[in-house]
Amino acid sequence: MTRIKDALDAVAAAIIAQKDYLCSLDAKTGDGDHGLNMARGFSAVRDAVDEMADTTKPGPVLETIGQTLIENVGGAAGPLYGTGFLKAAQACDDDTSMNIKSFEKLLGAAINGIQARGRAEKGDKTMLDVLIPIHQCFQPENTEGKSLFAVLEEASHAAKAGVDYTKTIAAKKGRASLVGERSIGYEDPGAVSSMLMYRALYAFLKK
Ligand code: ADP
Ligand code: MG
């Protein structure tokens with residue numbers, strides 16, 4: 001089965017395609033390198049996963065993604081995303097089936113890892129302002145009677161709403177916190193890269 005690897009390739013392609021856009025966003029409130037960092041990271045990830053003998057189980061693939069991002073990406077976001085993927089890998093068990101519960105579990109583990117490392121909360125204008133609302137969509141109180149695809153679609157809207165929310169607030173974490181209030185009016189680049197990754201995965205799964 002190559003499906004996991006194909007999903008990753010779709011995510012990597014989306015990030016690499018938006019390299020310049022992510023850099024232009026980061027140039028408004030940071031140092032303009034977010035797209036470069038992410039594109040470098042995901043092309044290294046693609047190479048590392050290409051070299052894996054067995055990509056049929058999500059755990060080892062997620063672990064390779066996490067490790068590769070940590071090793072290859074400077075800047076704040078690479079190690080944070082890397083930690084998220086590593087924690088998601090650790091949350092995988094032998095049940096590889098994809099369902100609302102497994103999305104909830106893996107996303108929750110990733111967010112906990114990102115928060116343990118970066119100490120940011122919702123409302124600090126970071127990737128978490130997209131990841132936390134996505135995760136919320138998969139929680140039992142919001143999924144009653146819904147299909148996986150209905151929830152995936154809701155989460156796609158939640159991701160965009162999260163990006164829009166980051167425009168309205170001042171950065172409290174990371175490099176953008178240096179410009180503080182002057183970051184209001186601009187989208188957070190990490191929030192946008194999180195939305196792009198999620199939407200690429202969703203588009204892939206919908207096919
Ligand atoms: P750097 O800020 O070192 O140049 P990047 O430009 O690659 O790194 O990444 C910036 C993004 O990282 C921000 O847009 C934000 O979403 C995210 N980020 C920064 N600090 C944190 C943190 N403590 N927790 C979560 N995300 C963070
Ligand atoms: Mg930057």
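Predicted model: local features only at pLDDT ≥ 70, side-chain atom pairs only at ≥ 80, totals over all residues.
Reader: How do the axes of helix α4 and helix α5 lie relative to each other, and at what angle do they cross?

Author: One looks at the approach of the two axes together with their crossing angle. Here the axes of α4, residues 58-72, and α5, residues 77-91, come within 7 Å and cross at roughly 160 degrees. Because angles over 145 degrees count as roughly antiparallel, α4 is roughly antiparallel to α5. The crossing in which α4 passes α5 is left-handed.

Reader: Which residues in α4 meet which residues in α5?

Author: On the α4 side the contact includes Gly59, Leu62, Ile65, Gly66 and Leu69, while on the α5 side it includes Gly78, Tyr81, Gly82, Phe85 and Ala89.

Reader: Turning to charges, how many salt bridges does a search of the whole structure find?

Author: The general idea is that side chains of opposite charge can pair when their charged atoms come close. In this structure the search finds seven salt bridges. In one of them, the side chains of aspartate 50 and lysine 5 meet with an N to O distance of 3.0 Å. This pair links distant parts of the chain, since aspartate 50 belongs to helix α3 (residues 34-50) and lysine 5 to helix α1 (residues 3-17), 45 residues apart.

Reader: Is lysine 5 buried or exposed, and how does aspartate 50 count?

Author: Lysine 5 has a relative accessible area of 18%, so it counts as buried, whereas aspartate 50, at 45%, is partly exposed.

Reader: Which parts does the salt bridge of aspartate 93 with lysine 105 tie together?

Author: The closest N and O atoms of aspartate 93 and lysine 105 are 2.8 Å apart. Aspartate 93 is partly exposed at 41% relative accessibility, and lysine 105 is partly exposed at 29%.

Reader: What separates glutamate 104 and lysine 101 in helix α6?

Author: Their side chains meet in a salt bridge with an N to O distance of 3.9 Å. Because glutamate 104 and lysine 101 are three residues apart in helix α6, about one helical turn separates them. Glutamate 104 counts as buried at 19% relative accessibility, while lysine 101, at 55%, counts as exposed. Elsewhere, salt bridges that share partners join Lys5, Asp9 and Asp50 into one network.

Key:
Residues numbered from 1 in each chain as written. Chains lettered and ligands numbered in written order. Heavy atoms only, no water. Axes fitted to C-alpha atoms, helices over the stretch in contact; angles between N-to-C directions. Helix = DSSP H or I, 4+ residues; strand = E, 2+ residues; numbered from the N terminus. Parallel < 35°, antiparallel > 145°, perpendicular 65-115°, else oblique. Left-handed = near helix turned anticlockwise from the far one by under 90°. Contact = heavy atoms within 4.5 Å. Salt bridge = Lys/Arg side-chain N within 4 Å of Asp/Glu carboxyl O. Buried < 20%, exposed > 50% of the residue type's maximum accessible area, 1.4 Å probe, protein only.
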